[in-house]
Amino acid sequence: MSYANAEAVAELDEPIGQKGQPQSKASRVKQRLTSRWATAAAIVIAFIWTIPTFGLFVSSFRPADDIRSSGWWTIFTNPAFTLENYGDVLFTSGASSANLGSYFINSLVVAIPATLFPIALATMAAYAFAWIKFKGSAAIFVLIFALQIVPLQMALIPLLQIFSQVLGISGSFPAVWIAHTIFGLPLCIFLLHNFIAEIPSEVIEAAKMDGASNTQVFFRIIIPLATPAIASIAIFQFLWVWNDLLVALVFSGGTVDVAPLTQRLAELVGNFGRNQERLPAAAFISLIIPLIVFFGLQRYFVRGLLAGSTKG
Amino acid sequence: MAARGDFWGGLWEKFGILIIGLAAFAAVIGLILFLVDKAPKRGRDVLQLVAFVAPALILLGVGLIYPAVRTAYLAFTNRTGEFIGLDNFVWMFTQPQIITTLINTLVWVALVPTLSTAIGLAYAVFIDRSRGEKVLKALVFMPMAISFVGAGIIWRFVYEYRAEGFEQIGILNQIIVWVGGEPQQFLINSPWNTLFLIIVMIWIQTGFAMVLLSAAIKGVPTEIIEASRLDGANGWQQFVNVTIPGIRPTLVVVVTTISIATLKVFDIVRTMTGGNYDTSVIANEMYTQAFNRGEYGQGSALALVLFIMVLPIVIYNVRVMRKQREIR
């Protein structure tokens with residue numbers, strides 16, 4: 001789907017019935033179709049979908065003994081709350097502690113460059129594919145498109161060998177950054193190309209007539225005009241990197257120096273019984289950033305999603 | 001590097017690495033673009049083109065294409081790197097454990113895309129006709145933002161089992177006890193445990209399907225809906241004859257995207273059962289063989305099988321994409 005269509009769809013995503021003519025017609029249809037059964041069914045599904053997360057959220061504030069001995073729903077008849085779990089998993093140090101504070105920092109140090117690097121390189125490549133004519137451009141672009149579907153598993157073993165034997169950087173932050181950059185590039189290039197190709201050609205041709213080079217067009221026209229698209233795709237890439245486990249497991253070396261939150265969490269789950277009172281708080285610490293990003297930037301997140309996936 | 005537990009020392013060191021990494025990247029890219037911009041007029045266009053596409057293409061070539069080709073080769077070697085022909089594939093199809101893994105993967109890819117798309121579509125239709133659409137949408141979409149590891153933990157608590165007579169702490173078993181049933185070990189009893197893992201993936205992907213389909217439904221022209229209404233179509237007829245054809249392209253995208261995500265699923269199995277109790281899938285088994293057991297050949301063979309399973313979807317998508325570029 002084109003940039004313009006995606007925008008139109010994103011527009012429709014807003015509450016209907018506040019703007020001009022077409023919306024009021026839509027709202028008329030909507031009103032007539034509003035059915036109590038549909039609303040009830042929707043609420044039931046939303047309830048079922050939310051209960052698991054809600055339960056974990058409640059658990060994370062319960063005293064450790066309570067988590068072990070009773071279900072989170074008993075909080076309604078027997079309320080008891082504490083912040084102890086959060087303090088414990090974040091700041092207590094020692095061999096057996098969760099140590100999540102350090103892993104949280106690792107996740108940030110991994111995710112920020114692993115978002116910015118692929119976005120920057122992908123914007124450059126997307127511009128070239130959209131606006132610089134060269135031989136084989138179409139074929140290479142189709143290849144990149146196909147690459148986004150190739151499972152990561154296909155690349156892991158040799159890439160790890162390159163990192164450890166040729167570059168000698170395996171188990172360090174740069175190794176994880178580079179891996180995420182490579183794996184993020186195909187999708188980022190594809191999505192950004194969709195946006196950048198829709199910029200009106202008059203704008204770019206006019207600039208070139210005035211003697212602007214590709215670099216100048218890129219910085220003065222493409223980047224400012226594509227900023228909303230770049231932002232929404234960056235949100236995507238950030239969430240993807242923050243939530244990733246596979247790349248982290250393979251390339252970070254699994255130490256407290258480099259490994260991100262997800263890896264530490266997976267380790268804690270490995271001893272589910274022993275860590276039961278820690279897990280709810282630990283899981284919520286890993287969820288907090290994605291949830292903030294999600295609820296704060298939902299609009300942009302959805303826009304990026306629509307731009308990429310409704311290529312109908 | 002910082003000693004374990006030396007939080008503050010490690011903190012500054014890590015942020016130092018972060019800053020240096022960002023600065024180095026900006027410097028390299030900035031310098032390249034600056035230099036090609038100042039290049040002599042002759043050949044400047046070519047140099048600029050190279051500067052824009054080369055970094056991405058080199059990374060993809062070295063980091064994705066070469067490794068994928070090499071993995072395809074490694075699939076025919078043993079753990080010491082000797083060429084052994086089809087032995088890894090013979091091994092794969094003669095090990096009961098691996099055959100279970102393959103079957104599980106097929107069950108995943110059959111159930112997750114169909115059920116999440118169906119529920120997502122139903123939900124999109126329901127909320128289209130109800131109040132509070134934004135909130136209802138956000139609630140079901142939220143699992144998309146959560147990591148698979150986080151989702152695994154959330155659902156382990158839902159499925160948690162305590163023997164009969166003890167107080168249940170998992171909501172699902174509590175509900176079973178309330179209605180008079182016997183508590184179940186959801187994650188251990190094969191083959192049903194695979195289904196309970198699949199539910200987690202459906203829980204995550206339904207929101208994705210719902211958001212795309214909801215946007216597509218709103219894209220169906222209201223005129224057509226009103227016309228079918230005037231023709232006397234009831235809600236269901238209208239849905240089947242107007243809405244479904246109107247959103248078909250989006251349906252295809254949703255099903256293919258979720259199918260690919262499902263084939264690659266790894267984290268859910270890893271966090272919830274570790275692949276034990278007959279719940280492993282190809283992506284997880286590949287990791288186990290290659291990185292836990294050092295069997296790179298067998299791991300590569302599994303990755304190759306995974307690729308072959310995705311291949312039809314790749315070909316289909318490339319064809320659709322080609323057609324679209326021709327239209328442009």
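Trainee: How far apart do the end C-alpha atoms of residues 103-132 of chain A lie?
Mentor: This is a predicted model, in which local features need pLDDT of at least 70, side-chain atom pairs count only at pLDDT 80 or more, and totals for chains, interfaces and linings use all residues. Residues are numbered from 1 along each chain as its sequence is written, chains are lettered from A and ligands numbered from 1 in the order in which they are written, and side-chain values use heavy atoms, with hydrogens and water left out. UniProt, in an unreviewed entry, lists residues 103-132 among the spans of its feature "transmembrane region" in chain A, with the caution that annotations may be inferred rather than shown by experiment. The span is 97% helix and 0% strand (helices being DSSP runs of H or I of at least four residues, strands runs of E of at least two), and its end C-alpha atoms lie apart by 43 Å.

Trainee: Which helix gives the largest share of the side of chain A that touches chain B?
Mentor: Contact, meaning heavy atoms within 4.5 Å, involves 134 residues of chain A and 120 residues of chain B. The area buried between the two chains, which is the accessible area (1.4 Å probe) lost on putting them together, summed over both, is about 11500 Å², with 75% from carbon and sulfur atoms. With 18 residues, the largest share of chain A's side comes from residues 100-131, which are helix 6.

Trainee: How many salt bridges does the rule find across the interface of chain A and chain B?
Mentor: The rule asks for a side-chain nitrogen of Lys or Arg within 4 Å of a carboxyl oxygen of Asp or Glu. Over all chains the structure holds seven such salt bridges, one of them between A:Glu277 and A:Arg68, whose closest N and O atoms are 2.8 Å apart. Across the interface of chain A and chain B, however, the count is zero.

Trainee: Why does the aromatic pair of A:Phe104 and A:Trp242 tie together parts that are apart in sequence, and by how many residues?
Mentor: Rings of Phe, Tyr and Trp (its six-membered ring) pair if their centres lie within 6.5 Å, with planes under 30 degrees apart counted as stacked, over 60 as edge-to-face and the rest as tilted. A:Phe104 and A:Trp242 form an edge-to-face pair, at 5.6 Å centre to centre and 75° between the planes. Because A:Phe104 lies in helix 6 of chain A and A:Trp242 in helix 11 (residues 214-243) of chain A, the parts tied together are apart in sequence by 138 residues.
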